[in-house]
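Biologist: Could you put the model up for me? I'd like to go through how its parts pack and pair.

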Amino acid sequence: MRAIAPAAALLLAGLAAGPALADSPGGRTAKLALPDGAQVYKQICAACHMANATGSGGGTVPALARNKKLANADYPIKVVMKGQGAMPWFSELLTPAQVAAVVGYIRTNFGNAYPQPVTEADVKRVAGKAK
Amino acid sequence: MTDGMAPTRRQLLSAIGKAGGAAALYQAMTALGHAAETQFDGPPKLTGTKAGASVVVLGAGLAGMVAAYELEKAGYSVRILEFQDRPGGRNYTLRGGDTFTESDGTVQKVGFAPGNYLNPGPWRIPHHHKSLLYYCRQFGVALEPFIQMNHNGFIHSSEAFGGKPMRYKEVATDFKGHTSDLLAKAINGKALDDRLTAEDQQKLLEALRHWGVLDDNMAYTSSIRVSAQRGYDRAPGGGLEGAPTPSQIARLQDVLDPQVWTAMSFYFSYVMQTTMFQPTGGMDMIGKAFAKQVGKSITYNAKVVKVAQNGKGVTVSYKDITSGKMAEVKADWCVCTIPLSIISQVDMQVSPALKAAMKAVPYSGHVKIGLEFKRRFWEEDDNIYGGHSFTDQPITQLSYPNDRFFTPGPAVLLGAFARDLAGFQLAGMTPQERIEAALTQGAVFHPQYRAEYLNGVSVPWSRVPWILGCVSSWNEENRQAHYKNLVTLDGRVVLAGEHASYYGGWMEGSLLSGIDAISQIHARAQAA
């Protein structure tokens, strides 16, 4: 899997701190380094899709393990960039390089074997098309 | 008209009220800057209900129960189907002996001492959430103050003040002082001559001198006067050694850390302003109070699988999750409060526009961690009574218990309240890892943590099986495209819940939405 170019900003802050509307915490959290797809998965995706990518809620949060929809990388890229249903979009939280890294990671782990690399250019292309 | 002849505001309002009635009075008060605090002006007045009219309500959270309560009062026959074995939905409380099962089957057992609790969901009530306060008053739910703002809470940034936690009063005073100093310099350096008259410049300088506690040279420097806001090195005392000594102000560079102004602006937010309240004994007192009114109409352990409708009525199919048996409820109308995050589990016979709206709202995944300690060291050692501390670590926020101050024995503090990236990070951990993170990170404020720790429980909302998320998060784009479709009566089915309001994530939103939903049903039923 391609490593993310160190030149890309690998530090993430929380989403822009707007006025608090929901009953949410105040303050804001420090930037976090997410140097590769495995880290992006562990620190973000696993919250809902679980550490072993089995999903939950009887498929309401879909399993990413052995998921045939991952065969075409454009589909998971689009879901990550635009969100789907209750899943938020990550185009603000993640750089295109990080999206490419995590999609590449999922496609080559958890019983998925789609070794064709996913690039930053793929992410930008899909994001452009989805608009 | 001279000033002397102008009617007082009260005289004017009284005259408007007499002439135009309550609605005109309300409108006039709003125009004069009063009363624009809520859209709640009392419970709905549903009259003339047709005999035998019926409604099935899906979900026994606050939206569903307020709908059922007001419908029953109006003469409707009501059934409520609830997936869980208790009322309240997100309005609930974890106490010692309770268990919490995550969506992957991981079970946590709560080990808190009697009387201690964690409110995993809603936990504070702003003074302007008048419908919630109305029903609390109506049902006799005891409320006590929620200490929202505590000047003695901590602010921590790993990138400022050498990583040392500061008291809110210190950094807020210093932010105000340093920015006043800079603005005064800008005025005296003639940088604002084209914006302000000489007279207004003098007024503003006078304000900055006092507001920013500047010295004779209009500079922000350490002094006893400044210490009277940010706190002293040695506090004022009595007798021979009574004289206080000043504290040292922080550097401008540290004070500009975003953790400072995000905390200050947090307290300015409309929904975060004092006065706030909490139910004595735990937030679920509210859900239980509603259930006391409508509990006989609730069927628990009912998993709704299908909502079908035609011109005559609604048929809801559900599975009794204890026996596995399927059953049906028929009614004239349906109020569906099932969270959008799991509504894909239900086969809903509704219009394409409503279907699209149901899929258009992402959910946030807040995380809360409750930690029980042997004693209230934050009170005894650190002079913190309720309120919050903020950090840029993933735990994000600490909140101290607002009840039973000064009592001996174990107490529970909120050891993490995280959203966004930090929320994902904590949710992705095992319960043991979350507690470990909370103890390690929280020790930056309170080195007493390890020695005093007893037990803890963590609630990652993205792994709460009956919702798989915490609160709906609308933005301007999806609000514009889908909100109206989501909240409009669709044939005989109408959605309600915090997601169907402009008060997302607040109980007030659930109640106002529930009331609006049944008002739509009643209007349609009367028109038929």
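Biologist: Does α2(A) pass α3(A) in a left-handed or a right-handed crossing?

Modeller: Helix α2 (residues 74-82) and helix α3 (residues 96-107) of chain A pack at an angle of about 135 degrees, with axes 10 Å apart (axes are lines fitted to C-alpha atoms, for helices over the stretch in contact, and angles run from 0 to 180 degrees between N-to-C directions). That makes α2(A) and α3(A) oblique to each other, where under 35 degrees counts as roughly parallel, over 145 as roughly antiparallel, 65 to 115 as roughly perpendicular and the rest as oblique. A crossing is left-handed if the near helix is turned anticlockwise from the far one by less than a right angle, and right-handed if clockwise. The crossing of α2(A) past α3(A) is right-handed.

Biologist: Before we go on, what pLDDT do local features need in this model?

Modeller: Residues are numbered from 1 along each chain as its sequence is written, while chains are lettered from A and ligands numbered from 1 in the order in which they are written. This is a predicted model, where totals for chains, interfaces and linings use all residues, side-chain atom pairs count only at pLDDT 80 or more, and local features need pLDDT of at least 70.

Biologist: Which helix of chain A gives the most to the side that touches chain B?

Modeller: Chain A has four helices and two strands (DSSP runs numbered from the N terminus, H or I with at least four residues for helices, E with at least two for strands). The contact takes 35 residues from chain A and 52 from chain B. On the side of chain A, 21 are nonpolar, eleven polar and three charged. Giving six residues to that side, the top contributor is helix α1 (residues 37-49) of chain A.

Biologist: How do α4(B) and α5(B) lie to each other, roughly parallel or roughly antiparallel?

Modeller: Helix α4 (residues 168-188) and helix α5 (residues 198-211) of chain B have axes 9 Å apart, and α4(B) passes α5(B) in a left-handed crossing. Among the residues in contact are Leu183(B) and Ile187(B) of α4(B), and Leu204(B) and Trp211(B) of α5(B). The angle is about 155 degrees. The two helices are therefore roughly antiparallel.

Biologist: What joins β13(B) to β14(B)?

Modeller: Strand β13 (residues 302-309) and strand β14 (residues 314-320) of chain B pair in the antiparallel sense over seven bridges (strands pair if DSSP finds at least two bridges between them). Ala302(B), for one, has Asp320(B) as its bridge partner. β13(B) also pairs in the parallel sense with strand β17 (residues 347-348) of chain B over two bridges. Between β13(B) and β14(B), the join through four residues is a hairpin.

Biologist: Last one: does Phe417(B) count as buried or exposed?

Modeller: Phe417(B) lies in strand β21 (residues 411-418) of chain B. Leaving out residues up to four places away in sequence, Phe417(B) touches Pro25(A), Lys368(B), Thr396(B), Gln397(B) and Ser399(B). A residue is buried if 20 or more other C-beta atoms, placed from the backbone, lie within 10 Å of its own, exposed if 12 or fewer, and partly exposed in between. With 25 C-beta neighbours inside 10 Å, Phe417(B) counts as buried.

Terms used: Contact = placed C-beta atoms within 7 Å. Nonpolar A, V, L, I, M, F, W, Y, C, P; charged D, E, K, R; others polar.
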